[in-house]
Amino acid sequence: MTVDPDDPALDDIRVEQFSWYHTSTQPDWPTRDFDPAAVLAPETRMRMGSGERVSAWAARQRAKALHVGTYEAAVHNMLRRIRNQADQRSQFYLYRVRLKPSVVVREGWLVDPGNFVGDVVLDEVCPPGVDVARYLNFHEDPGGLSLALGRDAIASVQRIAVPLSDTWDGGWVRDAVAALEGVSGAAVPATGKLARFMRPSSSRAVLGRELGASLAGRLPVNLQDQFASAAAFAEGEDPEQWARRTRGLFDLIDGPTRVLAALDRQDPREV
């Protein structure tokens, strides 16, 4: 895999002119006074050992680069987090990022420098005098260019909650709700070699998974599994809320025009 030599993001001057995107569960990303240790439970702090170890861990977290990329990469990142990081019920925010005109861009591009969870140490990719490093993204929007950068490289952001709260598709949502409300909550025994280790699912949850999978099949193949996981129907979930959210996730990929228009209406927040 390599970068398209005609990718306009290879032009240093145009990097700061483009809009870049990011998804996060943080409502104020990038947080000005980021304290990663603030969310640690007392039990977690005890397992980590001394206060010095907690402080050292927090310092390493603050030293990590921020990531921005294409719109497609931002949505892909959200689906990956929902599937791999137990964020299925978390509220996500889509950010449009504008860089400062004065940013210094590292020459050329790097092979994706992230570790297995995508972390990058900022100083390792942006040495003194460099604000932004381009890299070939292997994980989200594979083949596209993303940026590793520090908070000081960002001029402003616009933010919306995603999926959009007013999502309504009179066809798919209405039919999905009717189908889900039309089945009982009777338990359906698991099948297969591991069935004896699995808890039974309700007929409604089974149908919800099937409906989500049918939407996933209409997406690019590299997004199908992650979308199906993100659209999983939980036991006891309200059918209409599930259907609206699932359709909203689908529309982020299949029909981004309304999403981008919602971003257009937001006032930029200086960082």
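Analyst: Start with a side-chain pair. In this predicted model, the side chains of Asn137 and Ser146 are joined by a polar contact of 2.9 Å. Asn137 sits in the loop between β5 (132-136) and β6 (145-149). Asn137 has 2% relative accessibility. The cut-off for buried is under 20%, so Asn137 counts as buried.

Next comes the loop between β6 and β7 (154-162), where Gly150 is placed. Gly150 is buried too, because its relative accessible area is 14% and the limit is under 20%. Leaving out residues up to four places away in sequence, Gly150 touches Leu66, Leu122 and Asp131. Arg62 is 88 residues from Gly150 in sequence. In space, the C-alpha atoms of Gly150 and Arg62 are 10.0 Å apart.

Now a helix pair. Helix α8 (residues 221-230) packs with helix α9 (residues 239-254) at an angle of about 155 degrees. Their axes are 10 Å apart. Angles over 145 degrees count as roughly antiparallel, so α8 is roughly antiparallel to α9. The crossing of the two helices is right-handed. From α8, the contact uses Leu223, Phe227 and Ala230. From α9, it uses Arg245, Thr246, Leu249, Phe250 and Ile253. By type, the residues of this contact are six nonpolar, one polar and one charged.

Key: Residues are numbered from 1 along each chain as its sequence is written. This is a predicted model: local features need pLDDT of at least 70, side-chain atom pairs count only at pLDDT 80 or more; totals for chains, interfaces and linings use all residues. Side-chain values use heavy atoms; hydrogens and water are left out. Axes are lines fitted to C-alpha atoms, for helices over the stretch in contact, and angles run from 0 to 180 degrees between N-to-C directions. Helices (H or I, at least four residues) and strands (E, at least two) are DSSP runs, numbered from the N terminus. Angles under 35 degrees count as roughly parallel, over 145 as roughly antiparallel, 65 to 115 as roughly perpendicular and the rest as oblique. A crossing is left-handed if the near helix is turned anticlockwise from the far one by less than a right angle, and right-handed if clockwise. Contact means heavy atoms within 4.5 Å. Ala, Val, Leu, Ile, Met, Phe, Trp, Tyr, Cys and Pro count as nonpolar, Asp, Glu, Lys and Arg as charged, and the others, Gly among them, as polar. Buried means under 20% relative accessible area, exposed over 50%, partly exposed in between (1.4 Å probe, protein chains only). A polar contact is a pair of N or O atoms within 3.5 Å; within protein, one must be able to donate a hydrogen and the other to accept it, and residues adjacent in sequence count only if both atoms are side-chain atoms.
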